[in-house]
Every structure is written in C-alpha cells, then in structure tokens.
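Dear colleague,

I am passing on the structure we spoke about, and below it you will find my notes on what came out of the analysis. Please read them with the model open beside you.

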Amino acid sequence: MRVSVIGCGHLGIPHAVAMAEIGHEVVGVDLDPAMTDRLNSGRCPVHEDGLAELLAAHLAAGRLHFTTGIAEAAAFADVHFLAVGTPIGADGRSYDTGQVVAAVRALAPHLRRPCVVIGKSTVTVGTTGRLAALLARLAPAGAGVEVVWNPEFLREGHAVEDTLRPDRIVAGVASRHAEDVVRELYAPLVRNRVPLRITDPATAELIKGAANACLGMKISFINGVADMCAAAGADVRQLSDAIGLDPRIGRGGLDAGPGYGGGCLPKDLRAFAACAEALDAPDAAALFHAVEQVNDSRPAAALRLVEETLGHGVAGTKITVWGASFKAGTDDIRESPALAVATLLHRQGADVTVHDPLAVPTAQAHHPRLGYEQDLETSVKGAELVVLATEWPHFRDADHEHLAGIVARPVLVDLRNLLDADTWRAAGWTVRQLGRPA
Ligand code: UGA
C-alpha cells in the first residue's frame, strides 16, 4: 500500500521505517525542511538501535522518502498516519492537540479521493470523532475520508523491535471498510502472530491512556512497597520477583527506583487523571492522583536514603550522580528522575557532579547549575558519595576496585538496585540499595 506518515519525530520516523520494512511504499512528511533533507540523506536524528540502518536500506531501495509537501503526500498515499506530538497544554494536565488539528487542516484540502487517516499520537477520548467531522467538512472527498485511532505502544530505546514486533496492535474503527484497510496494512505483522485488536475509536483512545496509567500504577505501587521494605528490613527485589511470578501480576514494571519519568508516563498519568475527572469518574481520578503523588515523592525519598547513608545532611558534601537520562538506552532527559534527584541534592547544598554516557550535553543545556563530567572515572574523583540514578549497564560493569581508590569515600547509594552489592562491598564500598537491607 502507499502510505504517508505526517510528523517525523520519535514516533513518526520508526513508524515510517517499519511501514517500509513490512512492504509498503512510504512518504514521511515534516514541516521542517532541514529534517526532511537530513532524513533523505540517511542521517537519522533519533537515537535507536538498528533504526539508521533500516532507514538507509529503505531509502536506497526507493520504498521510503521524505518531503515537506503535504499536497504531494495526499496525491501519493491512500493511508495517512498522524504521528505529530501532543504535549501537555497550558492547563498543565490535558493534551494540546494543536499539532494534530493543524496537520489535519493542512492535509484536508488535498484529499480529493476516499482515503483513511490513522491517528497514532496519544490523545484524549473523543478526538477521532472530532477529526472525522473536521475532515468531512474540509476535504473535497468529504465523508469518503475515514478516521481510525491506532495508538502506539513503543518504548524509547526499543523503537525498532517495538514497531516490528509489538505486543499488540490496537485500531479503533468506525466502519467495516476502515477495518479492512487496517487488516491489510498490518497483515505482515499479524501473520507473525502479533495480536490485532479492532475496537471502536473511543476504546482505542482509552486503551493507550489506560496502558500507561497501569504501568505508572505498578511503578508507584512497588516504590511505595519499597518504603515498607526499607522500614521492615525486607528486600523489595525478592518481593518483586516473587509476586511477579503470578501471571495476574507479572514482573514488568516492578523495578523499584527513583520514580517514572520521560516524555510519556508522567504526562499521560496527568492527562488520564484529568480525563477521568472530565468523564465524571472521581474514584478513578483519585487513584491516578495517588499514583502521581507517590511518584512526586520519590526524589525526597532518595534524599532521605542519601542522608541516612551519610549520617548527616548533604550540605557541603561532594556527591556524584550517575545518570541523567530518564532511563537507560536514551539521551532523553524529559522529566528525568535522575536529574530531579541531582537538582534536589544541589538545592540542599551538596556539590553535585552528574555523569551519563549519553545525556550530558542535553542535561547541561537544561540544568546549567549542576556540574558535569563526561568520563565515568573522572566523575567520581574526590566524591564523598555516589548516587546511581539511571540503570545504564555502564555503571553495573564499572571497575569497582579501581574506582574505590579514586573516590574520597567509597560510599554508593544505588537507587535502581542495579549493582551486585556484595562484590562492590568486597572491594571496600559501602552500598545502600532502595528497599533492601543495608
Ligand atoms: C512508555 C511505555 O512503556 C510505552 O509502552 C509507551 O508507548 C510510551 O511510554 C509512550 O506512551 O510513548 P517510555 O516512556 O519509553 O515508554 O518508558 P518506559 O520504559 O515505560 O519507562 C518509563 C519510566 O518508568 C522510566 O523512568 C523508567 O526508568 C521507569 N520504570 C520502568 C521504573 O522505574 N520501574 C520499572 O519497573 C519500569
């Protein structure tokens, strides 16, 4: 099939590449000519394993190209994916669908024949119907333009595997014809046993919000239980492993840590809580607010563990924070728990140096008051305490014996329960982990 993907960011680029990989002819559309030029020359702006190679292969095979011309895309494709951003709006809680509406308004006048517009961005319930009405009014093809909601579930750092081998595909459709188009589009993945769930549009819109709210809920749940483990002298990692064996619970999302961050979970929890209120479901809203409240308390909980380890406040103490990105495998620092912890330590008067294998330049630009070090070894010189805040393998595999001789005091607080604490302790380190016995 011939498809367009409108919006060439973290969502659109992997999706455009994946559509080409499963055999479609694809045009990617973006307003920014520098971005489309860059993509057409095979330079991938998104850091994801395997993405640059697939991009280059499909450009070379002529199955994929990029343009700023929306009229060209409308003439070329019969299916148009919307993959633009939906940041949180001015109220700080609900999605700003301005970019989605702008993309639809730009596309509509060029839609002269029946086609299907498929939204992938995360939106509030009811958006599909509003866009369908807008297109029926503005497109020359009128009601021949159908709208489907097909939320994306990819995780940053796993974009290629999650788009080519997703856990499930969800599509909210309003007609049999739209369902047929979706089935044809995704047939190569469905043949590979990827479950396809066809729903109505409102259900599809809510599935995305509910999935992220459920992930956030598990993370806040285990972080709350980690506090209980700490107080009782119990071990949260053993607890997660044991309850995770119950298939009704599952082990995923049960790693205690400094809280969930990134460009999705925090914003989606806020928006899902606001959506629950708007839909007059106050008990659901209260539950999601509690999830947020636990998450917001995590930097303070990290500070308490650091102070307990030091035996005094952090003012005047030289502390190295390992990690700046919101999770391992990405340079994304949006709502990063690691930087929230580093900022809190700094505000309490600690002398903070941050090290991260990828995210130092971005962190430096956004948090200029903190100190930075690109090199792991240099980052701990003279440190009186190291806080491990992002779960990079780079930290787990660090040469603990060598580093013990470089720091001022070999003391480490592992907020991700990443390290084999016994081997570090054998090399002279004092190690405290989250919700685990000292
Ligand atoms: C999340 C969802 O996992 C994806 O399914 C979804 O498509 C995406 O949001 C989105 O809406 O676009 P992502 O933001 O890449 O993906 O991050 P996750 O891997 O879910 O991690 C989120 C945060 O939770 C990170 O800060 C991570 O460190 C933390 N986390 C995760 C924990 O603290 N404990 C866990 O057990 C799992």
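Sorted by class, the shell around the ligand consists of ten nonpolar, six polar and six charged residues. Please keep in mind throughout that this is a predicted model. The shell counts 22 residues in total, and those that come nearest to the ligand are Glu 156, Asp 255, Tyr 260, Cys 264 and Lys 327. Two helices, helix 10 (201-232) and helix 12 (265-278), each supply at least two residues of this shell, and helix 10 gives the most, with three residues.

As to the overall layout, the chain is divided into domain 1 (2-199), domain 2, which is made up of 208-234 + 258-295, and domain 3 (298-433). Between the C-alpha centres of domain 1 and domain 3 there is a distance of 39 Å.

Cys 264 sits in the loop between helix 11 (236-244) and helix 12, and it counts as buried because 22 C-beta neighbours lie inside 10 Å, where 20 or more are required.

The annotation "binding site", again from the unreviewed UniProt entry, covers Asp 30, Thr 86, Thr 122, Glu 156, Lys 267 and Arg 334. These positions span 305 residues of sequence and are spread in space as well, with up to 23.8 Å between C-alpha atoms. I looked at two of them in detail. Asp 30 is in the loop that runs between strand 2 (25-29) and helix 2 (33-40), and it is buried, with 23 other C-beta atoms within 10 Å. Once its neighbours within four places in sequence are left aside, Asp 30 is in contact with Gly 7, Cys 8, Met 35, Thr 36, Phe 66 and Thr 68. Thr 122, for its part, belongs to the loop between strand 5 (115-119) and helix 6 (127-138), and it is buried, with 22 other C-beta atoms within 10 Å.

For "domain: UDP-glucose/GDP-mannose dehydrogenase C-terminal", the unreviewed UniProt entry lists residues 320-421. Over that stretch the chain is 31% helix and 18% strand, and its end C-alpha atoms are 18 Å apart.

Which residues does Leu 269 contact, leaving aside its neighbours within four places in sequence? They are Asn 212, Ala 213, Gly 216, Phe 288, Val 291 and Glu 292. For Ala 213, the separation from Leu 269 is 56 residues in sequence but 5.4 Å in space, C-alpha to C-alpha.

In helix 3 (residues 51-60), the buried residues are Leu 54, Leu 55 and His 58. Viewed down the axis of helix 3, these residues fall within an arc of 105°, so they line one face of the helix. The elements against which they pack are helix 1 (12-21), strand 3 (64-67) and helix 7 (159-164). Just after helix 3, Gly 62 takes a positive phi of about 75°.

Two further backbone details may deserve a look. Most residues other than glycine have a negative phi. Arg 193, however, has a positive phi of about 70° although it is not a glycine; it is located in the loop between helix 9 (187-191) and strand 8 (196-199), and it counts as exposed, with 7 C-beta neighbours inside 10 Å. Glu 335 likewise has a positive phi, near 45°, and is not a glycine; its place is in the loop between strand 9 (318-322) and helix 15 (337-347), and it is partly exposed, with 18 other C-beta atoms within 10 Å.

With best wishes

Key. Residues numbered from 1 in each chain as written. Predicted model: local features only at pLDDT ≥ 70, side-chain atom pairs only at ≥ 80, totals over all residues. Near = placed C-beta within 6 Å. Helix = DSSP H or I, 4+ residues; strand = E, 2+ residues; numbered from the N terminus. Nonpolar A, V, L, I, M, F, W, Y, C, P; charged D, E, K, R; others polar. Domains from an automatic or database assignment. Contact = placed C-beta atoms within 7 Å. Buried ≥ 20, exposed ≤ 12 C-beta atoms within 10 Å, placed from the backbone. Arc of directions from axis to C-beta. UniProt positions renumbered as here; feature names shortened; annotations may be inferred.
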